[in-house]
Amino acid sequence: MLLLLVQAFNGLQFGVMLFLMAAGLTLVFGIMNVVNLAHGSLYMVGAYVCAETYVATHSFLLAIPAGLLAALATGVIIEIGIFRALYTRDHLDQVLATFGLTLMFNDLVRIIWGSDAIYATVPKFLAGQVVIIPGAPYPAYRLAIIVVGLAVAALLYLIIARTRYGMIIRAGASNRVMAGALGANIVVLYTVVFALGALLAGLAGLMAGPIFTVASGMGDSILILAFVVIVIGGIGSIRGAFIAALAVGFIDTMGRAYLRPLFGLFLPSTAADNAGPAVASMLIYIVMAAVLFFRPQGLFPPRMR
Amino acid sequence: MKAKWLLAAGLLPLFATHASAADKVKIGLITTLSGPEAVMGNPMRDSANLALSMLGGKIGGLPAEIVFGDDQQKPDMGRQQAEKMLKKDKVNFITGMLGSNVLLAVYRQVIGAHTILISANAGPHQLAGKMCSPYFFAMGSQNDEAPEAMGHYLIAHHVDDVYVMAPNYAAGHDMISGFKRTYKGKIAGEVYTTFGQHDYQAEISQIRAAKPKAVFVFYPGGMGIQFVKQYAEFGLKKDIPLYSVYTVDPGTLKAEREAALGNYDASFWGADLDIARSQQYVAAFTKKYHYTPPNYGAVTFDAIFAIDSAVKAVHGDLSNKKGMIAALEKANFPSVRGNFAFNTNHFPIENFYLFTVVKTADGKESLKKRETIFTAHKDAYASECPMTKK
């Protein structure tokens, strides 16, 4: 039973990371109606700049703002330079352009930092373990990810639900044309939303750095998961992204931990050994397919009028 | 008369190109040169270049060129590279082959073209047994062997409750079946993870709950770095010792650092072996590239010298493939492994050692040989190979 709790904790940590990625993606898609495949590149930029600064200065506290700033700056530059030309185009053009951006960024980091992966270490002050569940000490760094992730989720909720700017963002998500007609400066709104999304992706990237591999193309796999999250949660909905991210985190973790033993109950052991990891890696896509079938608009779509 | 001249003139360039092709030895080297697994592929490239420069840029006395191809650790990319090397570069030998999945994908294609294929790492069991071929040599080891050594060691030291893990692909299954061949104790859990997985927290939590006496894993390259780091990060290392194969090597150790301290790894080669040829290689490599080479590099180094010995034996006649194969079978080249011979299935007969990670005087982590587990060890599949029966 305790093990189940431990795995739930693992799922929460993964889910929180996914939320940071998905939040930016869902805002950009929901409000600006842009399919942004380059979102994973912002995650990569955050991770690289943070890891490189950390290696160079040995200060994680200095590396955090460096990574965030780099992701933010990259986001603003590509929004002004490229995305503004894409808003009026259809989704196919956007997919092509942003996919091109992904390829460009992947090669750019190879040119700047080389094709070898970077392995940053966990900062000293977060290196140990914390005992929350008896008998299962949890790494302090991963706990910090959970705390930061939940805090950012709460902050996002406050900004979007309680502030004037949040109101404009919600208005933009519900009906862009009407929001513009009512006097919201759509051009500035777009840049701000995009920058916010870039910041969140950069944050997810820099936190992932010390526990994952920092390598060219690292954003691609998590981007796919982030798309799964926003499809399940309902495109444009922060609340949906939050719940779906946690759900995907839980389902993936539980699948990896319990699917093989489950298959072992009714399959011969070699078949279960092969099918267990294979189905575990497909599980969230199966869930997404089910959601698309029964509720194509997602679980918590933003209200449209 | 006129037609004859025309014909001769037409044939002339054909002879010319044929002559120039035979003047030069071309070796194709396919390995992983980008992404997290490049930590294993790069030393292969560097060692091949080192070997060629030590040979004065010549193989068997002929000018030589090595063509490199990045398989990105994908079997289909490996096939593309092999296709290009066979058809466009017209290479005389293909070597490299970091991943068993890539080797199995290109095997038929290369062997079918009657090109000598020398794996400088991967040794899937199929190719040691039923699918063996005169055109194929494995320079490293058969996949099952290092785990066999580790299983043998654990049982000899009464560690009889072990949790085993590997990635879900050809070599992963080979490694675990090799381990189980010699390890006869209790298997506390047997888990295969998705190839290329980054995060192991779910699996590590399961290990902790199972409370085994030891954990045995095979996680090569980037996967190994992640696993070893996270295993330490979750605080399991101090309670449950970690035994591995191809998981801790000088390349991955640079990233694993203290997380790997005290871990055990079984292999047929390590940079600190007391073998003159090996020390010569390590010194030359470190001087040129400023890092300690892993076994992947050492084997590639051997592979280039093996090719050199084969071309020498046929006096540069690259069309004499039978002669080159016969020469390779003799393993008449100085190996970093000291005593080295090929078995009837063209897989090595060699020693296996236990290494452990220690901190050296300069504060860096390094692999140190603890003991020899197997001497002149042969793989378990040679009897299934048709070449053995004749």
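Modeller: Chain B holds 14 helices and 14 strands. The model is predicted, so please read what follows with that in mind. Along its principal axes, the C-alpha atoms of chain B occupy a box of roughly 90 × 45 × 35 Å. The radius of gyration of chain B is 22 Å, and this agrees with a compact globule, because a globule of 390 residues would come out near 21 Å. Of the 390 residues in chain B, 56% are buried. Among contacts in chain B with a separation of 6 or more, 72% join residues 24 or more positions apart.

Now the side that faces the partner. On chain B, 28 residues are in contact with 26 residues of chain A. Two or more residues each come from helix H2 (38-54), strand E8 (186-193), helix H8 (201-210) and helix H9 (221-233) of chain B. Helix H8 of chain B gives the most, with seven residues. By type, the residues on this side of chain B are ten nonpolar, twelve polar and six charged.

Within chain A, the lowest mean, 80, belongs to helix H7 (residues 176-181), while helix H3 (residues 60-81) has the highest, at 94. Where pLDDT is low, predicted coordinates should not be read in detail.

Methods. Residues numbered from 1 in each chain as written. Chains lettered and ligands numbered in written order. Predicted model: local features only at pLDDT ≥ 70, side-chain atom pairs only at ≥ 80, totals over all residues. pLDDT = per-residue confidence, 0-100. Helix = DSSP H or I, 4+ residues; strand = E, 2+ residues; numbered from the N terminus. Rg over C-alpha atoms; globule rule 2.2 N^0.38 Å. Buried ≥ 20, exposed ≤ 12 C-beta atoms within 10 Å, placed from the backbone. Contact = placed C-beta atoms within 7 Å. Nonpolar A, V, L, I, M, F, W, Y, C, P; charged D, E, K, R; others polar.
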